[in-house]
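I opened the notebook for another look through a structure. Here is what I looked up, in the order I got to it.

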Amino acid sequence: MRTSPALRRLVPAIAIGALVLAACGSDDDASSSSDAPAGTDASGGTGAASGDGDCAATIDDGVLTIATGEPAFYPWVIDDAPESGEGYESAVAFAVAAEMGYDADSVVWVRTTFDEAIQPGAKNFDLNLQQYTITPERQENIDFSLPYYTSNQAIVGLEGSAAEGATTIADLKAVKFGAQAGTTSLAFITDVIQPDQEPFVYDDNVGAKAALDANQIDAAVFDVPTAVYVSEFEIEGSSVIGQFPADAGGTTDSFGIVLEKDSPLTGCVDAAITAITDNGDLDALASEWLSDYESLPVITVD
Amino acid sequence: MTEQHAGHQPTRREVYDRARRRRSITIATISTVVVIGALLVLIPLTPGWEKVQQAFFDGDVFVDTLPILVEAFWVDVKILVWSTPPILIVALLVALARNTRSPALFPLRAFAVVYTDVLRGIPVILLVYLIGFGVPALGLSRTWANPLIWGSVTLVLSYSAYVAEVIRAGIDSVHESQRAGARSLGMTNHQTMQTVILPQAFRRIVPPMMNSFVSLQKDVALVSLIGPVEILRQAGIEKAKYANFTPYVAASLIFLAMTIPCTRLADWALARQRAKTGATAIS
């Protein structure tokens with residue numbers, strides 16, 4: 001039989017494939033089962049806010065691994081150094097960690113993209129915060145904590161822009177908008193403002209800035225703190241034309257901490273955020289790191 | 001010559017060939033079934049399969065996003081359709097410029113060399129940013145600053161440089177004796193190129209040209225970097241909306257629906273060319 005060599009070569013290939021897959025499987029099982037017993041006492045996770053979650057169930061025993069963007073942006077993180085505790089999200093992260101029973105020395109920072117935060121499989125972080133807006137669709141696939149900040153949307157335009165002086169959404173219909181891909185700001189443009197022309201979409205603020213310079217768009221939409229920062233420091237000659245009321249068009253932009261779907265830590269993080277919201281710490285951090293945005297003009301929705 | 005008649009006894013050669021053929025088909029079938037079966041059985045056994053399935057193959061997200069993605073795909077198709085003719089024209093001009101032989105035309109040849117070297121050497125993504133944001137920033141009106149225009153211009157510049165090299169290779173592949181023969185018949189350089197060299201060259205470069213075309217179909221998505229929302233960008237937006245990668249899978253399927261027919265067309269062109277030139281396929 002001359003068929004056998006070909007087949008004989010196939011059989012080991014399949015067997016090897018099966019072995020590799022099986023090996024991956026047993027590896028995962030082993031690590032996850034060893035995590036649980038070791039983690040319980042090592043972290044001292046019996047902090048004030050244990051809630052109904054398990055504060056000790058972190059990926060590395062006794063250490064809380066927190067992720068943010070690369071780079072992390074002002075005013076959320078100052079100078080791209082989240083370890084310093086400077087900047088609103090950095091400060092909130094340390095406050096939440098403290099409530100969960102992790103002191104500053106037990107907090108480790110890592111960087112991820114948005115995609116890494118939602119990809120299946122083992123995560124390299126316990127908590128991830130980089131202005132993730134809480135939405136029901138996203139909650140199907142990842143866990144969100146309770147919100148740690150609620151932001152309005154705001155418009156940034158160059159001087160003399162078609163958006164200048166707008167006081168209602170109706171004034172904005174003819175404006176050519178730009179926004180960052182995948183942000184609530186983009187959804188806000190298409191769902192609430194509904195301009196006559198389709199908005200342009202960019203990877204980041206830098207793209208929106210270049211498009212303003214290139215006269216390709218009239219205005220860009222960001223969350224308020226980002227808008228203020230972008231207009232003051234990044235886009236020369238631009239200003240915040242106005243902000244929308246928090247519940248404009250029924251879309252509030254509430255930022256939550258992202259956790260792996262069904263993470264045992266979620267309840268614990270929620271309890272921590274509730275605690276620092278109730279005792280006023282969260283507000284204090286907001287007034288320390290974020291400007292007072294009350295003075296920005298408001299654009300009404302009707 | 002008894003083989004010519006119906007109902008003849010098959011020769012030993014025919015019996016042997018038929019047996020070989022049957023054996024090949026059997027082996028191909030078995031190996032295909034075994035490999036696909038192993039994949040179908042083994043992958044779902046992996047511990048992370050359920051999560052992967054949820055992240056990449058979510059039926060609800062697929063159904064919700066597919067129509068939006070198909071609509072966004074028309075932007076890609078439009079860019080492809082209006083970019084392809086200028087690419088071919090510019091590429092042909094550059095290839096011909098490079099093939100000129102008159103000493104007086106040296107600057108033209110030099111330009112063609114620089115054109116292909118530079119535009120082929122710079123990553124398309126960088127050219128898209130540079131031309132898409134840079135040129136309009138010089139002070140163009142809103143109509144002329146449109147990123148669709150400058151994105152398309154970028155694709156034409158970059159791909160015409162690639163295709164020019166393909167055409168040049170095609171021209172070079174026509175044996176020098178063809179040129180010599182044509183010239184000895186009294187044809188001018190121009191006539192030689194137009195009626196002798198190019199027809200032969202083009203027949204040979206159809207497959208590599210299809211290759212470039214398929215590649216262009218995918219690079220059209222790079223135009224989205226400077227603003228226009230086409231399928232890949234729309235998929236990214238939907239991905240962020242659902243925190244799920246299924247829209248990318250849907251977008252891939254839409255791309256395949258275009259590229260696979262193109263690839264088959266290229267294969268067919270290649271097969272037809274082989275048949276014409278008399279080469280026999282060895283199996």
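Into which domains is chain B divided? I found domain 1 (7-40) and domain 2 (58-276) in chain B, with bounds that come from an automatic or database domain assignment. The C-alpha centres of these two domains of chain B lie 41 Å apart.

A note on conventions before going on. This is a predicted model, where local features need pLDDT of at least 70, side-chain atom pairs count only at pLDDT 80 or more, and totals for chains, interfaces and linings use all residues. Residues are numbered from 1 along each chain as its sequence is written, while chains are lettered from A and ligands numbered from 1 in the order in which they are written.

Next I checked confidence (pLDDT, the predictor's score for each residue, from 0 to 100). Chain A averages 81, and 80% of its residues score at least 70. Over residues 15-51 of chain A, pLDDT stays under 50. I remind myself that where pLDDT is low, the predicted coordinates should not be read in detail.

Then I turned to the fold of chain A. I counted 9 helices and 10 strands, taken as DSSP runs (helices H or I, at least four residues; strands E, at least two) numbered from the N terminus. Of the 302 residues in chain A, 47% are buried, that is, with 20 or more other C-beta atoms, placed from the backbone, within 10 Å of their own.

Last, I looked at where the chains meet. Chain A brings 36 residues to the contact and chain B brings 34 residues, counting pairs whose C-beta atoms, placed from the backbone, lie within 7 Å. On the chain A side, α1(A) gives the most, with 10 residues.

Technical notes:
Contact = placed C-beta atoms within 7 Å. Buried ≥ 20, exposed ≤ 12 C-beta atoms within 10 Å, placed from the backbone.
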